[in-house]
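Here is a short note to read beside the structure. Keep the 3D view open and find each part as it comes up.

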Amino acid sequence: AGERAMTPLLEGRQITQRFGGVVALDRVDFAIAPGEIFGLIGPNGAGKTTLMNVISGLQPPTAGELLFQGQRITGQPPHRIARLGIARTFQVMRPFVGLTARENVAIGARFGRTDGTRTMRAALAEADEVLAWVGLAHRASDPVDSLTTGERKKLELARALAMHPRLLLLDEVMAGLNPREVGEVMDLVRRVNQRGVTVLLIEHLM
């Protein structure tokens, strides 16, 4: 039991990512413990989002390996990574335009850490629960293009949470928010962590 407690939830070993002659990630080692809020900081161009892309399966690394719960996941496609329990938000928000807030979150609920058999009715019910939890219940039926920047950030978080992740990757989730909104989102992140979700956080606002 002691050995299992020491196993990182996510571990990177010598993660390297090259784009032509540019080395974006140079033999990066890291280990994130279960239940941790793990901060990743650095200037623009340091490779933070590239590392997020590698972890979430958008870009297989040039070299190195990733271990999730002790199992090698290097090179797995994004949908497999999501099904394992890794969800993320994006630095540039990516809502599904033309859909309501509820429908956006339901997509996360439908295709997250399940076997893919969850019905759309169940996914919509899950979306309503998560939207209420992040404080967006009153906007559930509204189109996403009518949401404010702060509300869209909460929507991104809600869509990721609806996937029932074990690990949540947050890429500058506070960017573009006013001080009140930053406080609200940080409170949400802490509450997410208290629910047992491990968090990897990229942020410039310290």
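Helices and strands here are DSSP runs, numbered from the N terminus; a helix has at least four residues and a strand at least two. One caution before the points: this is a predicted model.

1. **The parallel sheet.** Start with the open sheet whose four strands come in the order β3-β8-β7-β6. Their pairing is parallel. At the edges sit β3 (37-40) and β6 (86-88), and each of these pairs on one side only. From one strand to the next, the twist averages 15°.

2. **How β8 is held on each side.** Strand β8 covers residues 198-202 and runs parallel to β3, with four bridges joining the two. Take two positions in turn. G39 has L201 of β8 as its bridge partner. L40 stands opposite I202 in β8. Now turn to β7. Five bridges join β7 to β8, again in parallel. Here D171 stands opposite I202.

3. **Is β8 covered or open?** Look at both faces of the strand. In a regular strand the side chains alternate between the two faces of the sheet. On one side of β8 are T198, L200 and I202, and on the other are V199 and L201; all are buried. That makes five of five residues buried.

4. **A closer look at T198.** This residue is found in β8. Beyond its neighbours within four places in sequence, T198 is in contact with residues including L9, I32, P34, G35, R166, L168 and N193.

5. **The helix across the sheet.** Helix α7 (residues 179-194) lies across β3, β7 (167-171) and β8. Its direction makes an angle of about 150° with β8.

6. Which residues of α7 are buried? They are E181, V182, V185, L188, V189, V192 and N193. These residues lie on the same side of α7 because they cover an arc of only 135° around the axis. They pack against β3, α5 (120-133), α6 (149-161), β7 and β8. The face turned away from the buried side carries the exposed residues P179, R180 and Q194.

7. **The ends of α7.** What caps the N-terminal end of α7? N178 does: one of its side-chain oxygens lies 3.1 Å from the backbone nitrogen of R180. Just after α7 comes G196, with a positive phi of about 100°.

8. **The antiparallel sheet.** A further open sheet has four strands in the order β2-β1-β4-β5. Its pairing is antiparallel. The edge strands are β2 (22-32) and β5 (71-72), and each pairs on one side only. Two bridges join β4 (residues 63-68) to β5, and these strands run antiparallel. F68 has Q71 in β5 as its bridge partner.

9. **Helix α4.** This helix spans residues 101-111, and its buried residues are A101, N104, V105, A106, G108, A109 and R110. What do they pack against? The buried residues of α4 pack against α5 and α6.

10. R27 lies in strand β2. Its phi is positive, about 55°, although R27 is not a glycine. R27 counts as exposed, at 51% relative accessibility. H164 is found in the loop between α6 and β7. Phi of H164 is near 55°, also a positive value in a residue other than glycine. How accessible is H164? At 33% relative accessibility, H164 counts as partly exposed.

Conventions: Residues numbered from 1 in each chain as written. Predicted model: local features only at pLDDT ≥ 70, side-chain atom pairs only at ≥ 80, totals over all residues. Heavy atoms only, no water. Pairing = 2+ DSSP bridges. Axes fitted to C-alpha atoms, helices over the stretch in contact; angles between N-to-C directions. Contact = heavy atoms within 4.5 Å. Buried < 20%, exposed > 50% of the residue type's maximum accessible area, 1.4 Å probe, protein only. Arc of directions from axis to C-beta. Polar contact = N/O pair within 3.5 Å; in protein donor to acceptor, adjacent residues only side chain to side chain.
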